[in-house]
Amino acid sequence: LRPGKEGTRVTFESEGNVSQGTVPADLVFVIKEKKHPDFERQGDDLVHKKTISLKQSLIGSQFTVPTIDSDQSLDWRYDDIIKPGFERVYTQKGMRSQKDYNHRGNLIIRFIIQFPDGLTPEQRDALSHILPD
């Protein structure tokens with residue numbers, strides 16, 4: 001099957017039910033996308049939401065990013081500050097285009113920074129001395 005997305009109709013001509021004395025009907029499938037545990041599709045692009053801690057967003061970290069090709073993954077290390085709303089884009093790592101099989105969309109890593117629910121007085125004091133105003 002060619003690549004497709006939600007609502008794409010795939011027709012197999014004359015492959016449907018056959019009755020004596022009639023022409024075989026067409027067999028038509030309509031693609032319905034199933035939710036993926038790691039990705040959300042946006043056209044040919046795939047979005048992966050990566051939750052990181054506030055500490056990781058400030059001092060850096062490394063992690064493995066899944067790809068739609070189950071035999072591949074991407075290792076990424078970062079040392080810069082990651083701000084809320086930051087996205088990392090890997091070109092040509094998304095879904096294959098329905099119109100051009102040689103073209104792929106992008107894989108977008110959307111960072112979600114998990115803030116602590118609270119701080120102790122000692123943590124507040126330490127942060128007030130460490131972080132600039």
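The model is predicted. Its mean pLDDT is 87, and 95% of the residues reach at least 70. Among the secondary-structure elements, strand β8 (residues 107-114) has the highest confidence, with a mean of 96, while strand β1 (residues 9-12) has the lowest, with a mean of 81.

Thr67 sits in the loop that runs between β5 (61-66) and β6 (73-78). Thr67 counts as buried because its relative accessibility is 8%, under the 20% cut-off. Apart from neighbours within four places in sequence, the residues in contact with Thr67 are Phe39, Gln72, Ser73, Leu74 and Leu107.

| Pocket | Volume | Lining by class |
|---|---|---|
| Largest pocket | about 350 Å³ | six nonpolar, one polar, eight charged residues |
| Second largest pocket | about 160 Å³ | seven nonpolar, no polar, no charged residues |

The largest pocket, of about 350 Å³, is lined by 15 residues, of which Lys34, His36, Phe39, Glu40 and Arg41 are closest to its centre. Strands β3 (40-42) and β4 (45-53) each give at least two residues to this lining, and β4 has the largest share, with three.

The lining of the second largest pocket consists of Leu54, Leu58, Pro116, Leu119, Leu127, Ile130 and Leu131. Helices α1 (54-59) and α2 (121-130) are the elements that supply two or more of these residues.

Technical notes:
Residues are numbered from 1 along each chain as its sequence is written. This is a predicted model: local features need pLDDT of at least 70, side-chain atom pairs count only at pLDDT 80 or more; totals for chains, interfaces and linings use all residues. Side-chain values use heavy atoms; hydrogens and water are left out. pLDDT is the predictor's confidence in each residue, from 0 to 100. Helices (H or I, at least four residues) and strands (E, at least two) are DSSP runs, numbered from the N terminus. Buried means under 20% relative accessible area, exposed over 50%, partly exposed in between (1.4 Å probe, protein chains only). Contact means heavy atoms within 4.5 Å. On a 1 Å grid over the protein atoms alone, a cavity is a set of points where a 1.4 Å probe fits but cannot get out, and a pocket is an open set with protein on both sides within 12 Å along at least five of seven lines; lining residues have an atom within 4 Å of a point. Grid points are joined across faces, edges and corners, and a volume is the space filled by probe spheres set on the points. Ala, Val, Leu, Ile, Met, Phe, Trp, Tyr, Cys and Pro count as nonpolar, Asp, Glu, Lys and Arg as charged, and the others, Gly among them, as polar.
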